[in-house]
Amino acid sequence: METIQTKPEELDPQVQPEEEAPAFQAPKKKRKWRKRLIIALVLVAAIFFLLIRPMLSTGQQLLALTYLSDTAQIRDMTVQVSSTGTVTPIDSYRVNALATGEVVEAPFEEDEWVEEGQLLYRIDSSDADNTIQRSQLSVEQAQLSYNAALEGMTPTSNVSGVVQTLHVKVGDSVTVGSPIADILDSSTMTISIPFHSTDAASFYVGQQGTLTVDGTLETITGTIQSISGADEVGTGGVLLRQVEFRVNNPGALTPERSATAMVGSVACAGSGTFEYAVQKTVSAATSGDITALYVSAGDRVSNGTVLCSIGGTAAENTLANARIALETAQLTLESALDALDNYTITAPISGTVVEKNFKEGDNIDSTTLSTAGGSLAVIYDMSTLTFEMNINELDINKIQVGQEVTITASAVEGQTFTGVVDTVSINGTTVSGMTTYPITVRINDPGDLKPGMNVSADVIVERVGQVLCVPVEAVNRGGEQPYVLVAGEGALDENGNVADVSKLERREVTLGRNDDSYIEITGGLAEGEIVVWENQVSNPLAALVG
């Protein structure tokens with residue numbers, strides 16, 4: 001059997017050898033998210049195109065909406081800072097009660113003008129008057145105690161005479177009532193002699209009589225010092241009265257001697273015995289130690305002569321306690337007198353009474369005061385009004401006391417009021433990184449403005465006058481030097497709208513002062529040149545992406 005060999009390249013091209021079946025593989029997952037993302041982007045692009053298609057129809061229309069323009073020109077500029085506030089009276093006062101009781105006077109009415117010091121209320125002060133009287137008595141008593149303690153440290157003679165006996169020496173300790181010295185006045189004697197009652201009734205004090213000293217029969221003149229008003233029953237039932245005579249001692253009279261007397265032709269009914277007119281023992285009025293002696297036995301002293309000094313801890317404590325008691329009593333009296341002032345209530349300021357909460361006959365106590373809001377009356381001084389404005393930290397350095405303020409109020413339409421900056425505070429308040437400072441404005445002629453009204457105010461910082469200005473929005477401050485966009489030739493169409501942005505010139509300028517709408521140009525721009533700026537509000541592209 002013959003074998004026929006064929007070359008591979010000679011095989012029938014239509015007949016291919018069978019290939020071996022590949023090994024099984026799992027089918028790959030399709031990435032559907034890519035497809036979905038592409039579809040979403042296409043839809044967004046279509047919507048975006050449909051929205052801006054009307055504007056893309058004309059470039060002129062888009063530019064007109066994108067830019068605003070104005071002419072640099074001379075304007076009358078006033079630099080001012082604006083804010084708001086609420087009007088209050090220049091002065092107000094809530095009249096409070098410092099005493100309770102019945103209102104006995106209230107001679108004023110609401111809406112009435114009262115002057116400072118005018119009587120508003122008088123409250124029944126009976127209790128306060130009694131307290132004052134008791135306090136005055138306490139002061140008098142404390143004063144007497146203090147005087148006694150002070151005088152007790154320097155015992156004095158309360159009579160004129162001779163020191164018969166001195167009971168103390170330096171260093172001795174004494175207590176209240178201890179004897180200091182015996183003082184005797186031997187120059188004057190007294191004697192009581194009985195007379196018949198009917199005779200004594202005709203005598204009078206100061207009448208002279210003649211006394212006869214028993215034993216020596218010496219006669220001396222005496223003066224009636226007193227006449228007894230009561231009868232005594234003598235021997236045999238005779239009614240008698242004692243008549244006291246005062247005589248000058250010639251030197252020989254002693255208490256042991258006796259005498260009789262005649263007054264005119266009337267003789268006495270018996271005799272009497274002489275006594276010294278003055279015989280006194282001075283005692284210590286305070287406890288302490290004898291620190292000094294100023295008299296000796298046998299010395300003649302007068303009324304008020306200091307005999308010695310008493311000191312030491314006990315005496316000093318007694319005096320200190322007396323002084324404290326006196327000062328306490330005086331303070332109590334002062335408090336009582338001050339409290340009495342609380343029962344008479346006068347107007348603390350001049351102004352209009354806006355509230356009167358009590359009338360004559362009403363009783364003021366904690367309950368009625370609480371019902372009345374805690375005050376008897378409220379007074380406003382509305383001759384001048386004031387309000388507070390909060391000024392931004394960027395503007396506060398422009399504000400000075402005395403600057404003019406223009407004021408308007410929605411509650412008073414069609415009227416403009418004038419005020420003046422009264423105070424500028426440096427006590428700022430920071431909120432969200434921005435600090436404001438309060439200033440007060442005074443309105444001297446408030447007209448129809450009332451307390452509580454809300455006002456808008458412009459502080460006139462400076463009246464600049466005629467200067468070259470452009471709108472504030474036209475100035476760009478993005479770089480180191482501010483600049484404006486100036487419309488060159490062909491930049492604007494016949495309607496004044498921007499037609500070709502390539503013909504807008506960037507021009508650096510020097511700035512001056514500004515108000516809320518315009519800013520002064522001091523260099524880089526001439527009067528009549530047109531500046532343009534992007535209108536962020538009306539820019540349709542900005543509106544879309546916004």
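In strand β21, threonine 352 is the bridge partner of tryptophan 113. Tryptophan 113 belongs to a pairing of strand β5 (residues 113-114) with β21, antiparallel and built on 2 bridges. Two strands count as paired if DSSP finds at least two bridges between them. Strands are DSSP runs of E with at least two residues, helices are runs of H or I with at least four, and both are numbered from the N terminus.

This is a predicted model, in which local features need pLDDT of at least 70, side-chain atom pairs count only at pLDDT 80 or more, and totals for chains, interfaces and linings use all residues. Residues are numbered from 1 along each chain as its sequence is written, and side-chain values use heavy atoms, with hydrogens and water left out.

## Strands around β23

Strand β21 (residues 351-356) also pairs with β23, antiparallel, over 4 bridges. Glutamate 355 has valine 378 of β23 as its bridge partner. Lysine 356 faces alanine 377 in β23.

Which strands else pair with β23 (residues 377-392)? Strand β3 is joined to β23 by 7 bridges, and the two run antiparallel. There, aspartate 91 stands opposite aspartate 381. Strand β27 (residues 434-443) is joined to β23 by 8 bridges, again antiparallel. Isoleucine 391 stands opposite tyrosine 437 of β27. In a regular strand, side chains alternate between the two faces of the sheet.

## Two open sheets

Serine 173 stands opposite aspartate 289 in β17.

Another open sheet has 4 strands in the order β20-β6-β4-β22, also antiparallel. β20 and β22 (363-364) stand at its edges with a single partner strand each, so one side of each has no neighbour in the sheet. Strand β6 (residues 119-123) pairs with β20 over 3 bridges in the antiparallel sense. Arginine 122 has threonine 344 of β20 as its bridge partner.

## Two packed helices

Helix α3 (residues 126-152) packs against helix α5 (residues 312-341) at an angle of about 160°, with the axes 8 Å apart. Therefore α3 is roughly antiparallel to α5. Axes are lines fitted to C-alpha atoms, for helices over the stretch in contact, and angles run from 0 to 180 degrees between N-to-C directions. Roughly antiparallel means over 145 degrees; under 35 is roughly parallel, 65 to 115 roughly perpendicular, and the rest oblique.

The crossing of α3 and α5 is left-handed: the near helix is turned anticlockwise from the far one by less than a right angle. The residues of this contact divide into 16 nonpolar, 9 polar and 2 charged. Nonpolar covers Ala, Val, Leu, Ile, Met, Phe, Trp, Tyr, Cys and Pro; charged covers Asp, Glu, Lys and Arg; the others, Gly among them, are polar.

## The largest pocket

How big is the volume of the largest pocket? About 200 Å³. A pocket is an open set of points on a 1 Å grid over the protein atoms alone, where a 1.4 Å probe fits, with protein on both sides within 12 Å along at least five of seven lines. Grid points are joined across faces, edges and corners, and the volume is the space filled by probe spheres set on them.

Lining residues have an atom within 4 Å of a point. Among them are Tyr93, Arg94, Asp341 and Pro348. The lining divides into 5 nonpolar, 4 polar and 2 charged residues.
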